[in-house]
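Please consider the structure shown below together with its sequence.

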Amino acid sequence: MTASHDTGTRATTTSTGAMPSWWPRSGADQAFFLLRTVFTIAPIAFGLDKFAQLLCDWDFYLAPWINDIVPGTAHDAMMIVGVIEVVAGLVVAVRPQLGAYVVAAWLAGIIVDLVTLGDFYDVALRDFGLLVGARALARLASDRVRR
């Protein structure tokens with residue numbers, strides 16, 4: 001038995017291991033689902049970790065020139081960053097066509113910070129890849145809104 005094709009854009013679960021009914025059938029729908037999931041969870045997780053600092057000492061990644069223009073300490077700035085990241089992740093969950101652009105812009109800011117810090121070009125390059133992924137999510141989300 002194979003997956004039913006009369007259910008719109010969703011496959012049904014069968015005894016032979018077809019995709020579960022909640023899994024999108026088209027490649028574009030699958031890409032949208034995966035990107036939306038990642039760009040919801042990752043900003044929320046990283047934002048919350050700004051408070052817990054389980055992954056790393058986030059203050060270390062703030063360029064001195066940014067620390068000079070924000071009020072308070074680098075740690076205070078990272079608390080604000082954490083709140084912004086959590087909000088960005090929630091916006092992606094609720095309105096991905098807007099939230100993806102928020103995350104992409106936020107990643108651009110992180111890239112500028114890291115490049116001007118001068119020591120983390122590898123992380124900046126990784127974040128550029130994430131920025132491209134966020135833009136792809138924005139495009140997929142806008143196509144879904146038009147359908």
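The following paragraphs describe a lysine, a loop residue and a helix in turn.

The model is predicted. Within it, K50 belongs to helix α1, which spans residues 27-52. The side chain of K50 makes a polar contact with the side chain of E85, at 2.8 Å. Beyond the residues within four places in sequence, K50 is also in contact with W58, M78, M79, V81 and G82, as well as with E85 itself.

The loop between α1 and α2 (64-69) contains Q53. The backbone of Q53 has a phi near 50°, a positive value in a residue that is not glycine.

Helix α4 covers residues 96-117, 22 residues in total. From the first C-alpha to the last, α4 reaches 31 Å, which is close to the 32 Å expected at 1.5 Å a residue. Which residues of α4 are buried? They are P96, G99, A100, V103, A104, L107, I111, D113, L114 and L117. Just after α4 comes G118, where phi is positive, at about 90°.

Definitions and conventions: Residues are numbered from 1 along each chain as its sequence is written. This is a predicted model: local features need pLDDT of at least 70, side-chain atom pairs count only at pLDDT 80 or more; totals for chains, interfaces and linings use all residues. Side-chain values use heavy atoms; hydrogens and water are left out. Helices (H or I, at least four residues) and strands (E, at least two) are DSSP runs, numbered from the N terminus. The expected span of a helix is 1.5 Å times one less than its number of residues. Buried means under 20% relative accessible area, exposed over 50%, partly exposed in between (1.4 Å probe, protein chains only). A polar contact is a pair of N or O atoms within 3.5 Å; within protein, one must be able to donate a hydrogen and the other to accept it, and residues adjacent in sequence count only if both atoms are side-chain atoms. Contact means heavy atoms within 4.5 Å.
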